[in-house]
Amino acid sequence: MEFINREYELDYLRRSYDQEKSQFIVLYGKRRVGKTSLVKEFTRGVPHVYFLADKATEKDQLQAISERVALLYGDEFLLSRGFGNWYEFFRYLKGKGRVVVVIDEFPFLIEANRAIPSIFQKGWDEELKDSDVYLVLLGSSIGMMESEVLDYKSPLFGRRTGQMLVHPLDYWHAKKFFPEVPADQFMYTYAMLGGTPAYLLQFDPRAGLWENLVQRMLVPEAYLFSEPEFILREELREPRNYFAILRAISMGKTRASEIINETGFEKNVISKYLSVLTELRIIRREVPVTEKSFEKSKRGIYVMDDNFFRFWFSFVFPNKSFIEERELDYLVEKKIKPRLDIFTSFTFEDVCRSYLKKGFLEGLRFQQVGRWWSKDAEVDLVGLNEEENEIIFGEVKWSVNQVGTDILAELKRKAGLVEWGGAGRKESFALFSRSGFTADLVRVAAEEGVYLRSLDEIAAA
């Protein structure tokens with residue numbers, strides 16, 4: 001299949017490779033996000049060693065990487081003998097000229113030997129720093145990569161020449177997996193799967209939404225059916241407790257107090273679990289965009305930061321008994337279809353906020369884009385430009401009905417409740433709609449300079 005997106009990441013890797021000096025690149029991101037595909041695309045056509053670490057012993061790992069190196073250089077002696085230790089590995093590479101060395105799932109090496117960060121620090125300082133080696137360390141355990149490789153307390157701190165957190169694909173690049181699917185239908189797919197390439201590849205672009213959902217997620221044999229459980233059991237020591245928290249958040253229990261009441265866990269325990277899930281990029285903490293201090297804000301809530309996990313915990317996990325009994329028609333018709341539009345509306349809001357962040361709206365740029373809420377009102381989209389004292393308010397509607405002037409009037413009312421920028425702030429308004437706008441709203445918007453964007457216009461950005 002065609003390699004989709006990652007133009008920026010590929011360009012960065014290729015530019016740093018062309019500098020013809022040693023490089024130490026740290027590349028990390030959540031599982032299935034496409035890190036391995038990215039480095040394999042990058043190393044195509046250049047001398048390289050790709051090694052995928054696993055849970056084997058350190059001795060076995062050394063033997064395996066020895067074989068990869070020996071095959072690259074046709075070294076029969078190394079193939080039969082192998083490296084005795086990592087320092088032999090570093091010294092061998094030092095004299096081999098320009099070569100890319102990729103060690104995938106580096107945290108597994110650390111699990112086999114906790115001294116690995118110190119060993120690689122010494123190997124880099126004494127052997128590779130002044131060589132032509134282009135070293136890439138990959139990892140799916142974001143917390144371990146940040147603490148053991150990137151953190152200032154790590155022996156490897158200060159050695160890297162670059163680092164990159166690989167994010168899931170946004171709506172527009174994910175859409176390239178389904179080029180013929182209409183924008184509104186793909187929004188449902190994106191709400192179910194998010195931008196993780198491995199998940200997008202599970203759905204067949206030629207099949208319908210419901211056929212894909214049933215065959216690729218709602219049967220016990222399907223890859224997507226057990227994927228969240230596999231990831232959480234791989235990453236966490238107490239997966240059952242995390243399941244309870246994620247289920248609570250997927251039910252709309254977004255405040256810490258609500259999660260505590262739903263799960264029955266103690267406050268200090270919840271704080272630890274929420275921190276871990278945030279590190280894994282499964283959930284995120286949000287505060288109203290106008291808050292001055294993210295960390296100190298008492299108005300923070302927790303929401304799912306992964307569309308696929310949000311869908312799975314909303315519709316698959318709580319309905320496993322129906323799935324095991326193969327009562328899939330009932331599950332789809334009675335449990336999923338009635339709630340899918342409300343579920344997808346939150347994804348549409350995220351896409352519209354991304355649309356504004358990327359400057360797609362008339363090239364306007366805002367330093368901060370997010371939601372705003374108080375006990376009295378909520379605004380789907382607010383963008384702030386402190387330098388220009390400029391604020392934009394947006395309303396997002398995932399409805400089969402056209403948006404009318406009443407929605408604009410309500411948005412203006414709520415804007416008056418938002419305290420930011422003082423009396424002299426410059427205000428603008430934007431409406432985003434799945435199904436377009438009434439003639440009256442189009443006329444008023446033209447007169448007042450209100451931005452209107454339909455789903456088709458958003459998708460075409």
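Author: With the elements: helices are DSSP runs of H or I with at least four residues, strands are E runs of at least two, and both are numbered from the N terminus. The model is predicted.

Reader: Which of these elements each supply at least two residues of the lining of the largest pocket?

Author: They are α9 (171-174), β6 (283-286), α19 (328-357) and β8 (368-373). The largest share, six residues, comes from α19. The pocket holds about 1,200 Å³ of space. Of its 39 lining residues, the closest to the centre are Arg284, Asp305, Asp350, Ser354 and Lys357.

Reader: Why is the pair of tyrosine 355 and phenylalanine 432 called edge-to-face?

Author: Planes over 60 degrees apart count as edge-to-face. The planes of tyrosine 355 and phenylalanine 432 stand at 80°, with ring centres 6.1 Å apart, so the pair gets that label. Tyrosine 355 is in helix α19 and phenylalanine 432 in strand β11 (residues 426-433), so the pair ties together parts 77 residues apart in sequence. Both tyrosine 355 and phenylalanine 432 are buried.

Reader: What makes arginine 98 count as a charge over the ring of tyrosine 17?

Author: The distance limit is within 6 Å of the ring centre, and the direction must be within 35 degrees of the ring normal. The charged end of arginine 98 sits over the ring of tyrosine 17, 4.8 Å from its centre. Lysine 40 lies over the face of tyrosine 50, at 5.0 Å from the ring centre.

Terms used: Residues are numbered from 1 along each chain as its sequence is written. This is a predicted model: local features need pLDDT of at least 70, side-chain atom pairs count only at pLDDT 80 or more; totals for chains, interfaces and linings use all residues. Side-chain values use heavy atoms; hydrogens and water are left out. On a 1 Å grid over the protein atoms alone, a cavity is a set of points where a 1.4 Å probe fits but cannot get out, and a pocket is an open set with protein on both sides within 12 Å along at least five of seven lines; lining residues have an atom within 4 Å of a point. Grid points are joined across faces, edges and corners, and a volume is the space filled by probe spheres set on the points. Rings of Phe, Tyr and Trp (its six-membered ring) pair if their centres lie within 6.5 Å; planes under 30 degrees apart count as stacked, over 60 as edge-to-face and the rest as tilted. Buried means under 20% relative accessible area, exposed over 50%, partly exposed in between (1.4 Å probe, protein chains only).
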